[in-house]
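Please open the model in a viewer and keep the selection tool at hand.

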Amino acid sequence: MTDPRNRYEIIQTIGTGATSRVDLARDTVIGRTVAIKTFLRGFSGDLQKQFLREAQIFGRLSHPYIVGLYDVGTNEEGTPYLVLEHIEGKTLEATLASGRLPLERAAIWVADLASALSLAHHSQIIHGDVKPANILITKDGQVKLGDFGIARFATQVSGSGTVLGTPAYLSPEQILGNKQDSRSDLFSLGIILYQMTTGVRPFDGTSVGAVCAQIVSSEPPPPSHHNPELPPAFDHIVMRCLAKNPASRYATAESLGASLYPFARSKPVDVRRPDPSWWRRPLQAGDLRTAGMAAGALLVLLICGSGL
């Protein structure tokens, strides 16, 4: 593999974590700005092959709400790296530091994230680390989900058997070491949706152990307990995402997204009614802001569902 230093000019380091470093860089061949994520622990043998194989799959996931992967490889020291789309903006974590979001905005963003996860899940990729720090908000207000599938490799490389990541956004099966599937990502997305609309996390304690215990065995109050403006139908959506048993959650990311898009309207409707007549009523001024976005998201869902 080619050493990235032969093609990419490092501008500055923009972030360092327990397992990786992210540098802002310039691609000297085509002149674009990129983000290079270099892992701080070397991968070897079968693990390196597995990492490269899944990274290549991720690179084929072209989606407007997924951070693009441009290149992948290992440098001369055997350290793996990813060359990613550089997003000018800030993380959802930084955005939520200012408090809760309007229901309309939260519904749009989480439904868009669900459509991104849907494409990944159809490709047999589980994100495994859905949290606000891994969600970027562009300057024009679009969400981008990053770090697809990479967190699991960091866990394997650590060799410690401990759970890495932010415990407050893990699913019960992740904490218990049980088998994960796409519904694990939906649990994490439910936590984010709860926090977006209430300003607080549903599971929050004074220690990692306390947070994990709550996720595994405690039922949080519905979002409307913290924000009385939220309708009962929205409570139902969030609490379904947070079901301890994966079988009780939404079966697919598509179904979660479909239940959220009605709330992207200025006046949410009661989605518990089986008759979807809300979309047949005359178009109102408040609908114009989100009609285009909802139509685009619906097209993505249809494409994903058809397997194209």
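Begin by selecting Gln174, which is buried at a relative accessible area of 12% (buried means under 20% relative accessible area, exposed over 50% and partly exposed in between, with a 1.4 Å probe and protein chains only). This is a predicted model, in which local features need pLDDT of at least 70 and side-chain atom pairs count only at pLDDT 80 or more, while totals for chains, interfaces and linings use all residues. Residues are numbered from 1 along each chain as its sequence is written, and side-chain values use heavy atoms, with hydrogens and water left out.

Gln174 belongs to helix 5 (residues 172-176); helices (H or I, at least four residues) and strands (E, at least two) are DSSP runs, numbered from the N terminus.

Next, select helix 3 (103-122). Of its 20 residues, 18 are buried, so helix 3 is largely enclosed by the rest of the structure. At 1.5 Å a residue helix 3 should span 28 Å, and its end C-alpha atoms are 28 Å apart, which agrees; the expected span is 1.5 Å times one less than the number of residues. After helix 3 comes Gln124, with a positive phi near 65°.

Then move to helix 8 (residues 232-241), where Ala233, Phe234, Asp235, Ile237, Val238 and Cys241 are buried. Which helices do the buried residues of helix 8 pack against? They pack against helix 3, helix 6 (182-198) and helix 9 (253-260), contact being heavy atoms within 4.5 Å.

Five strands form an open sheet in the order 1-2-3-5-4, with antiparallel pairing; two strands pair if DSSP finds at least two bridges between them. Strand 1 (8-16) and strand 4 (69-74) stand at the edges with a single partner strand each, so one side of each has no neighbour in the sheet. From one strand to the next, the twist averages 25° (axes are lines fitted to C-alpha atoms, for helices over the stretch in contact, and angles run from 0 to 180 degrees between N-to-C directions).

Select strand 2 (residues 20-27) and strand 3 (residues 33-39), which pair in the antiparallel sense over seven bridges. Arg26 has Thr33 of strand 3 as its bridge partner.

Finish at Gly73 in strand 4. Is Gly73 buried or exposed? At 0% relative accessibility, Gly73 is buried.
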